[in-house]
Amino acid sequence: MNQIQAYLEARNPDGKNETINTLKEMLQEIMLFSLSQTDFFDHAVFYGGTALRIFHGLDRFSEDMDFSLREKSLSFDLERYMDAVRITLLSFGLEADIAMKKKRKLSPIQSAFLKSNTATHLVQISAPTGIIQATPSNELIKIKLENRHRPPTRS
């Protein structure tokens with residue numbers, strides 16, 4: 001059995017929205033795993049709603065993955081870690097396109113989006129047949145990563 005199908009079966013989502021959110025949660029966990037295989041967490045910390053759900057069981061779905069640098073650095077490049085994410089997703093049979101968001105105004109936040117359309121493969125992630133059948137043909141799945149270049153101030 002495919003790992004993605006096993007993940008879905010273990011969580012037994014009920015209905016379209018829960019299936020989509022379960023797939024997003026799986027993608028978030030895969031992305032965290034791939035980042036943990038690099039030196040990313042030597043430089044950044046994971047916080048926010050998704051971190052609370054994954055590590056503390058918060059019963060609330062959050063799409064965004066928020067990170068903050070441990071030390072201020074305007075030269076830190078989140079894009080440098082996206083190849084590791086792509087390679088890890090490929091190991092699960094998923095092809096990904098990760099788009100870096102270009103800011104119009106200078107901002108201390110850097111963003112990347114993992115986009116997928118598991119039903120038609122038109123956007124960026126293709127998935128095994130069993131997963132494709134579990135989602136509507138027009139469903140777009142996106143995961144947003146945000147990295148703050150300036151750590152929060154300490155009080």
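Residues are numbered from 1 along each chain as its sequence is written, and side-chain values use heavy atoms, with hydrogens and water left out. Because the model is predicted, local features need pLDDT of at least 70 and side-chain atom pairs count only at pLDDT 80 or more, whereas totals for chains, interfaces and linings use all residues.

The protein chain contains six helices and five strands, where helices (H or I, at least four residues) and strands (E, at least two) are DSSP runs numbered from the N terminus. Along the sequence these elements follow the pattern α-α-α-β-α-β-α-β-β-α-β. Of the 155 residues in the protein chain, 41% are buried, a class defined by a relative accessible area under 20%, with exposed meaning over 50% and partly exposed in between (1.4 Å probe, protein chains only).

Strand β1 (residues 44-47) pairs with β2 in the antiparallel sense over four bridges, pairing being assigned if DSSP finds at least two bridges between two strands. Within this arrangement, phenylalanine 46 has phenylalanine 67 in β2 as its bridge partner. Five of the six residues of β2 (residues 64-69) are buried, so this strand is largely enclosed by the rest of the structure. In helix α4 (residues 49-56), the residues Gly49, Thr50, Ala51 and Arg53 are buried, and their cover includes α2, β1 and β2. Just after α4, glycine 57 adopts a positive phi of about 70°.

Eight aromatic pairs are counted in the model, with rings of Phe, Tyr and Trp (its six-membered ring) taken to pair if their centres lie within 6.5 Å, and with planes under 30 degrees apart classed as stacked, over 60 as edge-to-face and the rest as tilted. The rings of phenylalanine 40 and phenylalanine 41 have centres 5.1 Å apart and planes at 85°, so this pair is edge-to-face. Phenylalanine 40 counts as buried at 0% relative accessibility, whereas phenylalanine 41, at 23%, counts as partly exposed. Ring pairs join Phe40, Phe41, Phe46, Phe55, Phe67, Phe76 and Tyr81 into a cluster.

Asparagine 12 lies in the loop between α1 (3-11) and α2 (16-36) and is exposed, with a relative accessible area of 60%. Its phi is near 45°, a positive value in a residue other than glycine.

Notes:
Contact means heavy atoms within 4.5 Å.
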